[in-house]
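Please walk me through this model, beginning with the annotated site and ending with the contact between the chains.

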Protein chains: 2
Amino acid sequence: MPGPANTTMPPRIVIQHPTPLVDCGRYPSKATVGRTVEVGADIFRDGHEVLRAVVRWQGPGADSWEESPLRAVDAEVKGVRWEGAFPVDRPGRWTWTVDAWADDLASWRVEVERKVAAGQTDLGGELSEGALLLAAAADRARTAGARADADALGAAATTTGDASAPDRARVAAALGADAVAASDRHPDRSRVARLDPVVEVDVDPVRAAFGSWYELFPRSWGGFDGVTAQLPALAELGFDVVYLPPVHPIGVTNRKGRNNRTEAGPDDPGSPWAVGGAEGGHTALHPDLGDEAAFDRMVAEARRLDLDIALDFAIQCSADHPWLTEHPEWFQRRPDGTLKYAENPPKKYQDIYNVDFDCDDWQGLWEALRDVVLHWVDRGIRVFRVDNPHTKPVPFWEWLIHTVRAEHPDVVFLAEAFTHRAMMRTLAKAGFNQSYTYFTWKHSRWELTEYLGELAHGEERHYFRPNMFVNTPDILTAELAEGGPATFVSRLVLAATLSPSYGIYSGYEHFERTPVVPGSEEYLDSEKYEAKERALDGPLLPLVGRLNHIRRSEPALQVLEGLTFLDTENDAIIAYAKQHGSSTVITAVSLDPDHVQEGVVVVPAELGLPPSFTATDLLSEQSWTWRLGRNYVRLVPFDAPAHVLRVDVA
Amino acid sequence: MPGPANTTMPPRIVIQHPTPLVDCGRYPSKATVGRTVEVGADIFRDGHEVLRAVVRWQGPGADSWEESPLRAVDAEVKGVRWEGAFPVDRPGRWTWTVDAWADDLASWRVEVERKVAAGQTDLGGELSEGALLLAAAADRARTAGARADADALGAAATTTGDASAPDRARVAAALGADAVAASDRHPDRSRVARLDPVVEVDVDPVRAAFGSWYELFPRSWGGFDGVTAQLPALAELGFDVVYLPPVHPIGVTNRKGRNNRTEAGPDDPGSPWAVGGAEGGHTALHPDLGDEAAFDRMVAEARRLDLDIALDFAIQCSADHPWLTEHPEWFQRRPDGTLKYAENPPKKYQDIYNVDFDCDDWQGLWEALRDVVLHWVDRGIRVFRVDNPHTKPVPFWEWLIHTVRAEHPDVVFLAEAFTHRAMMRTLAKAGFNQSYTYFTWKHSRWELTEYLGELAHGEERHYFRPNMFVNTPDILTAELAEGGPATFVSRLVLAATLSPSYGIYSGYEHFERTPVVPGSEEYLDSEKYEAKERALDGPLLPLVGRLNHIRRSEPALQVLEGLTFLDTENDAIIAYAKQHGSSTVITAVSLDPDHVQEGVVVVPAELGLPPSFTATDLLSEQSWTWRLGRNYVRLVPFDAPAHVLRVDVA
């Protein structure tokens, strides 16, 4: 407890409730290169002194602090809440804090102004006090080498302290604009209160915050060379990330057959997630996909196109993974010596073994897994989609991601965790830059409004970045299977306009929607267990391309925070505005695949738009004059199920 | 970042979001002797292991930990949230934490049960694993000296591990109730995750949480002996605390006259808050009130009656306070050497000087002020009402209260801060056990519902304890002045039934309500500046006494948390239920001093009451049968403006 035992008095200024602050500072918040970090804090003290405050920040590797002013934003409660911002220009771990101090000269000015306003005349004592404060300010200016300020303040001090001059002249000298401006440039910060400890922010590359993803199995596209050949077209479609399921050798022992059969046929290629075979483990390439050079050509072509190739980091091992013989100590065995394959009773995953994070050589295991990631980082990979991170220890992820990003802060990790909210949030806090979401299972207007509201406006906005896939090889929702192409279109527009990061798994553009059995989320003849003949010719691709380019041209679609849901007077139509800077996009989407739906989009005054404005549908290129209040919309399944309206203010 | 550099693996179990936790643990939460501390935390890990958790706590001065189980309360999200409680039996600073661990044997049982349920038969590997886990549990039981448990577990281990026995018998032995119960008594806590750092709780005496206060100026009651003579009657009225404005010598220099005139007449006694005179300062008694012995008699009589005498701790000094000559360094002077009296321009308080907390000898000042408090603690005072704490440094209060309570944890400090919310909350967090509130200015049903909802259910419930005065010597609200006796009655019932701590300043029971000028909150002929002839004969006192005794008999009125506002279908009637344990009180109060008001009290199912119940008005002693849903009420200004209904469940 600070008290008289201290040599200096504990600061009278209280600085508390800094934001963003994740779990009391246990985890950093997240920010994005090229944007600003908006910060706030409660700052106040006893009495009536005028306070000043700054945010001070330090980028990764910097050895000095930069600062900018904070301003009080709620004057009606004595300006307790202060806010400010700082720019972040490179990825990595940044830190910030707050300094605050009482401005004795400004406080003195307020006191004198109030007394003058009240007609008080006996100001001799006050003026002699002011002269001292001004002289001290002049000294500070002089020390700082600001001669003009020092002269102005010195002159003001002399006049203010001149007992032979009339009070009116002395007050005027002290309160003059020049003296005020000069003194504000040379504050007395000898008694400063500082927010302690400093707050951390992880600044990520833009790719972590904004991107359009396309998932494809390279074995269905002619391996690495086939993928390379498609990259220009994928770039043309506006994709930013091409995500490949595991590209490593696949085990043969207990290999799964087509449609997840326990017996594989002689030509069945097995699941890519059964990582490891005679050819190698997590750092090897499946020979059928191409050699090292082909892989490198693919990565190089992607870089040329400003695309990222995302690899899958799936820790499990097939029975034929080299680690089972090289590091048997990393796998759990029964007392009878048999290995335990993965299972979630009554489900069995006979083709894979999980590593044992509780093994005695956990350090060796952690380091080996880190080396896998670094191997691919060295090969030019900057994005990893992590398979089932919620079944591995959270502290392992925190260490792994921190360790990799300490050297390579531009690396992005996407968590494929579909589990309870606390774990999804904690993985994001522990370091994952992006996360899969519950979006696929949010269908109704109410469900989408609630869920997106939480993501955009809840506490988790500071660290949890959604990546909304419309489908995955594991997730064919009943909504898609039953709703058909019209639902495919609506869900695509929703994902692409709601979330700065979204993705589709190839097949979506062909409206693939036959479940393996009715009600299952698994596809019939799933690509997980067999190779397909894929081509970039799905009928939905033109709309995909248009949406991706709209996303690039409209800053409002590149951030999540500026999301406002709008009333539609029809639960079959969902509408929302997104805003960022001067960019506003209003989207209305029909949730009904079967009927034409009419309704309104109610534009509220809170959006700050003028009474009327031009709304241009970036899908149909039609324009209308819209107004604050109710605007009629009519949405037609499949053909015109959505408006994506750019707001143009005259 | 914990990682392979650690010798032990960081715990896989995540423990986060403990509650109550005030400002990330920067301040303790508050609790009350004789009640329990309800705690919670998120506890989970990767995978499907069965988790166990306990809360561990330590009272002040204890050198070992006690513990009790936590239980998962939201099974639908995998039981992420765990809750529990621990009892606190003495005042002071307590600490608590959480331990959690995976129960390998219970996890194994769940796995085997699911496999058996799925008809799986090849359980040899599982059973050999179970036998080892049971044998380990037997070893723990044996080490703990629990021979019966050790024998039961050993037998189960033998049968489970007997490869010659049928699987069914082996499974039955492992899952048998005896083995389960025995193993649950001997958990394997070798790999425990612990919440770190520990969380602090300040446990206060009941007086801090529940009490009825009466404020009187002893000079209007015949000094200490006069007060002593009234104490039995005040106790009879059900008061718990008798609060006296400052009892110290009053300055003569610049003494204030009647009605706050700057010139005092020769017989004007001055304001008691102008502390200090020739006779002494903050540790002296005003000679007109009686001598040291009279003071001691008063305190002794109060103790006999289980009453507390609350003194006023008002740090400011009159011009005649000994400290001005003994410690001139503690006061701020202008450059011309003149002292600065207290002012808040354009208001001037010429009769008092504030100490200068920024002075060089701040340590000496802090210690002297602490010694003032300790002086009165030594004289038997356990309750201090602190004047204007928001104009003194927060760190001073935190140190002072902590220091005093470290030796005297039964001392209670009430903050008289009427300022912005952040400061009021921070003073409470810094240590004040009770706080004055905005209650006096909350008049409408909506205002009261919002404000009390915040106090009872907001984050501040963990540390901010309201003391709702209906009036003070500084606060005669327009509502009282204009509403007259009917409003006095309603406001009294509101304060006494809404807040576990409430108070009245003498005069209230006489309906005193003439402002010094229309619209002012100052009384005409305020007792602050003159002595009155007071007697305990106000017409409102019988109701006061009845309310105080109802408060003592109904536990629901002694806590704030169990507050639920009820619909009334009439904004002139406010109604609320309070619940604690098996005690339920429903109160309905008319806010209209002029007209009879009719309405309903809607009893919602959430209160957990039966479909019908007996509601006995503890004011009128009438009883009715009430029901869930709408119950008619008719309230008459002044004569029957409220029901305070005890709920009796057959």
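The paragraphs below treat the conventions, then the annotated site, then the pairing of the chains.

This is a predicted model, in which local features need pLDDT of at least 70 and side-chain atom pairs count only at pLDDT 80 or more, whereas totals for chains, interfaces and linings use all residues. Residues are numbered from 1 along each chain as its sequence is written, chains are lettered from A and ligands numbered from 1 in the order in which they are written, and side-chain values use heavy atoms, with hydrogens and water left out.

The UniProt record, an unreviewed entry, places the feature "active site" at D387(A) and E416(A); positions follow the numbering used here, feature names are shortened, and such annotations may be inferred rather than shown by experiment. Although these residues are spread over 30 residues of sequence, they cluster in space, with a largest C-alpha distance of 5.3 Å.

D387(A) belongs to strand 16 (residues 383-387) of chain A, and E416(A) to strand 17 (residues 412-416) of chain A, where strands are DSSP runs of E with at least two residues, helices are runs of H or I with at least four, and both are numbered from the N terminus. D387(A) counts as buried because its relative accessible area is 7%, the term meaning under 20%, with exposed over 50% and partly exposed in between (1.4 Å probe, protein chains only). E416(A) is likewise buried, at 5%. Leaving aside residues up to four places away in sequence, D387(A) touches E416(A) and others including W273(A), D312(A) and K392(A), a contact being heavy atoms within 4.5 Å. The side chain of E416(A) also makes a polar contact with the side chain of R385(A) at 3.3 Å; this term denotes a pair of N or O atoms within 3.5 Å, where within protein one must be able to donate a hydrogen and the other to accept it, and residues adjacent in sequence count only if both atoms are side-chain atoms.

Turning to the pair of chains, a rotation of 180° with 0.0 Å of shift along its axis superposes chain B on chain A with an RMSD of 0.1 Å, by least squares on the C-alpha atoms of residues with pLDDT of at least 70 in both. The two copies are therefore related as by a two-fold rotation axis. The contact takes 69 residues from chain B and 69 residues from chain A. Across this interface there are 12 salt bridges, each a side-chain nitrogen of Lys or Arg within 4 Å of a carboxyl oxygen of Asp or Glu; one of them joins R191(B) and D358(A) (2.8 Å, N to O).
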